[in-house]
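Hi,

Here is the structure I promised to pass on.

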Amino acid sequence: MLTNGKVIGADVIVSAIGVTPATHWLPPELPRASDGGLLVDGRLCCLTGAPALHGPADGAVDADAHGAADADELSGRATVPFGSVFAAGDCCTIPEEFLGPHFFQMRLWTQARIMGIYAAHCMLGKEEEFGSSFGLELFTHATRFFGLKVVLLGLYNGQRLDKEPSEDIQIYIRQLDGDGNRGDGPSFVRVLLLRGRMQGCVLIGDTGYEEVFEHLILDGLDLSRYGPELLDPEIELEDFFD
């Protein structure tokens with residue numbers, strides 16, 4: 001039922017109820033974000049607001065009865081890694097200041113896997129050698145629904161862009177029924193641009209755009225002159241931007 005009272009029938013309903021970090025059993029000296037996740041830095045090492053590595057009696061972050069501390073409470077302080085405690089996946093929260101411009105945290109198994117690998121490399125001091133921090137530069141999620149490939153890249157739904165003027169954001173959409181000259185099945189493409197630079201996209205079906213759009217997002221090329229023609233199925237984008 002919609003808010004206007006209209007009832008719409010459906011054969012299948014998919015409900016995403018979200019994830020709540022279960023960190024209540026951990027020491028309160030490990031500061032929490034407002035969502036309950038352990039606050040970590042760019043290396044997934046737990047943060048503390050103390051000026052040095054001390055125990056709880058020597059100046060740990062103030063916490064409420066549940067060990068929660070808002071990220072704003074830590075701003076302006078000289079935060080330092082909390083010893084050798086690392087956190088990855090659903091239990092942690094990465095403040096925006098440590099994220100790449102096209103990444104946001106969503107508690108998905110794909111992110112948990114990437115973060116677990118990155119945390120292990122950071123523990124060994126090998127993150128630069130393996131380049132595993134790249135996983136936190138661009139939001140990427142790939143799955144399948146009803147037999148169709150679904151790929152989400154970057155700020156595909158305008159995440160983190162809520163303060164940008166609406167007139168600076170362009171959205172282009174293309175939907176094909178699968179009868180085009182490319183001989184592909186049905187597909188859907190939606191791209192989001194900020195002042196002419198691609199920030200994210202939704203790709204459903206075999207679009208063939210995954211790699212080229214990934215590069216366009218990361219390279220920050222100005223695509224203003226192309227407009228909606230950017231999604232013309234007769235144009236091989238790889239020839240322009242390879």
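Below is what turned up in it, topic by topic.

This is a predicted model, so I kept to some limits: local features need pLDDT of at least 70, side-chain atom pairs count only at pLDDT 80 or more, and totals for chains, interfaces and linings use all residues. Residues are numbered from 1 along each chain as its sequence is written, and side-chain values use heavy atoms, with hydrogens and water left out.

Let me start with the cores. A nonpolar core here is a set of buried Ala, Val, Leu, Ile, Met, Phe, Trp, Tyr and Cys residues joined through side-chain atoms within 4.5 Å. Buried means under 20% relative accessible area, exposed over 50%, and partly exposed in between, with a 1.4 Å probe and protein chains only. The largest core has 27 residues, and Val40, Leu44, Ile94 and Phe139 are the members that touch the most others. Two or more of its residues come from each of helix H2 (109–123), strand S6 (148–154) and strand S8 (187–194). H2 gives the largest share, 4 residues. Helices (H or I, at least four residues) and strands (E, at least two) are DSSP runs, numbered from the N terminus. Setting aside residues up to four places away in sequence, Ile94 touches Val40, Asp41, Leu44, Leu99, Gln105, Met115 and Leu136, where contact means heavy atoms within 4.5 Å. There is also a second, separate core of 20 residues, which includes Met198, Leu203, Tyr209 and Leu216.

Next, the aromatic rings. Searching the whole structure gives 4 aromatic pairs. Rings of Phe, Tyr and Trp (its six-membered ring) pair if their centres lie within 6.5 Å; planes under 30 degrees apart count as stacked, over 60 as edge-to-face and the rest as tilted. Phe104 and Phe139 make a stacked pair, at 4.2 Å centre to centre with 15° between the planes. Phe104 sits in the loop between strand S4 (92–93) and H2, while Phe139 sits in the loop between helix H3 (127–130) and strand S5 (140–145), so this pair ties together parts that are 35 residues apart in sequence. Both of these phenylalanines are buried. Phe104 also forms a tilted pair with Tyr156, with 6.0 Å between centres and 45° between planes. Tyr156 lies in the loop between S6 and strand S7 (169–176), and this pair links parts of the chain 52 residues apart. Phe104 has a relative accessible area of 8%, and Tyr156 is buried at 13%.

Leaving out neighbours within four places in sequence, Gln199 contacts His102, Leu153, Gly154, Leu155, Leu161, Leu192, Leu193, Leu194 and Ile217.

Ile217 brings us to helix H4 (residues 210–219), where Glu210, Val212, Phe213, Leu216 and Ile217 are buried. The buried residues of H4 pack against S6, S8, S9 and helix H5 (237–241). Just after H4, Gly220 takes a positive phi of about 65°.

On the strands, S5 and S6 pair in the antiparallel sense over 6 bridges; two strands pair if DSSP finds at least two bridges between them. Phe145 has Leu148, in S6, as its bridge partner. The hairpin of S5 and S6 has 2 residues between the strands, and Phe146 in this hairpin takes a positive phi near 50°. Over in S7, Ile169 is partly exposed, with a relative accessible area of 25%. The C-alpha atoms of Ile169 and Leu193 are separated by 5.7 Å, although the two residues are 24 residues apart along the chain.

Finally, the cysteines. How many disulfides are there? The count comes to 0, with a disulfide taken as a pair of cysteine sulfur atoms within 2.5 Å. The sulfur of Cys91 is 5.2 Å from the closest cysteine sulfur, in Cys92, which is too far for a bond. Cys91 is partly exposed at 26% relative accessibility, whereas Cys92 is buried at 0%.
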